[in-house]
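Hi everyone, thanks for coming. Let me put the structure up on the screen, and then we'll walk through a few spots together.

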Amino acid sequence: MRMRSLTLAAASGAALLAAGVLPASASGATPKSAQEGSVSAADLLSKVTSCSQISSGKYRTDDETSATVPVCGKNGAVFWKADMDIDCDGQRTTKCNENADPWYQDDTAFHQSNGQPLKADSLPYIVVPSSSSIWKYSSYGIKGGGVVAVIYNNKVEYAVVGDTGPTNIIGEASYATASALGIDPDPATGGADSGVTYILFKNSTVSPIESHSAAVSLGDQLAKQFLASN
């Protein structure tokens, strides 16, 4: 995850337009929509209407914003409500590379079972803030490969914890996560300004981390448990 600036993003978008390259939404591409598993977005959201803050402080969603986002605790999970910036880090592909993403890095904090970085344009994953005095994710049963229910516009997409980011910013997910939820996945100009809920299930692990079908299967099971225990 990169320290993204709205000014830089605007400049990058202008450069892409000048070069004749349009983001997915402008080029007419229609991202697929997701509703994975048997638990509805409404049922999950009904359990996260109030926040029991477990972080020592709050996070920014971008460099320019104030710190307003707490990490909240529930039985069996933690959650936050934020924006979605697009992470295109990991294996270099036709969609995720230095030309497509001004902040591109060729590695992710957590790796596939073969040791290679994750592939952002095909694997739904999210980014968690690196451990700091604000919050240490590993102290709450959150780890690489953990299952996450990402909710946006009444859709549920199951993802894994795949990367770490700045210690003071929250709200980022992979190209594939955004695309599945109908969010513009362009790493320079896409994303969602608000309205994204991230529910991370404690002490969960998808094996192998790169198996999205395994994430959906385990995620649906844990989502049912979450509803029953909250």
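Predicted model: local features only at pLDDT ≥ 70, side-chain atom pairs only at ≥ 80, totals over all residues.

Let's start with I134, which sits in the loop between β3 (125–129) and β4 (147–152). Residues are numbered from 1 along each chain as its sequence is written, and side-chain values use heavy atoms, with hydrogens and water left out.

Back to our isoleucine. Is I134 buried or exposed? I134 counts as buried, at 17% relative accessibility. For the cut-offs, buried means under 20% relative accessible area, exposed means over 50%, and partly exposed is in between, using a 1.4 Å probe and protein chains only.

And which residues does I134 touch? Leaving aside residues up to four places away in sequence, I134 touches S55, S56, G57, K58, Y59, T167 and N168; contact means heavy atoms within 4.5 Å. Look at S56 in particular: its C-alpha atom and that of I134 are separated by 4.8 Å, although the two residues are 78 apart along the chain.

A pair of aromatic rings is described by the distance of the centres and the angle of the planes. Rings of Phe, Tyr and Trp (its six-membered ring) pair if their centres lie within 6.5 Å; planes under 30 degrees apart count as stacked, over 60 as edge-to-face, and the rest as tilted. The structure holds four such aromatic pairs. In one of them, W80 and W135 have ring centres 5.9 Å apart and planes at 75 degrees, so this pair is edge-to-face. W80 belongs to strand β2 (residues 77–87) and W135 to the loop between β3 and β4, so to speak two distant parts of the chain, 55 residues apart. Both tryptophans, W80 and W135, are buried.

W80 also pairs with Y198, and this pair is tilted, with 5.9 Å centre to centre and 35 degrees between the planes. Since Y198 is in strand β7 (residues 192–201) and W80 in strand β2, the pair ties together parts that are 118 residues apart in sequence. The relative accessible area is 0% for W80, and Y198 is buried with 0% as well. Ring pairs link W80, W135, Y140 and Y198 into a cluster.

Finally, the disulfides. A disulfide is a covalent bond between the sulfur atoms of two cysteines; the cut-off used here is a pair of cysteine sulfur atoms within 2.5 Å. How many are found in the whole structure? The search finds two.

One is formed by C51 and C72, with sulfur atoms 2.0 Å apart. The torsion about its S-S bond is about -100 degrees, so the link of C51 and C72 is left-handed. C51 is partly exposed at 40%, whereas C72 is buried at 3%.

The other joins C88 to C96, S to S 1.9 Å. With -70 degrees about the S-S bond, the link of C88 and C96 is left-handed. C88 is buried at 0% relative accessibility, and C96 is buried at 0% too. Counting bonded cysteines along the chain, the pattern is 1-2, 3-4.

Key:
Helix = DSSP H or I, 4+ residues; strand = E, 2+ residues; numbered from the N terminus.
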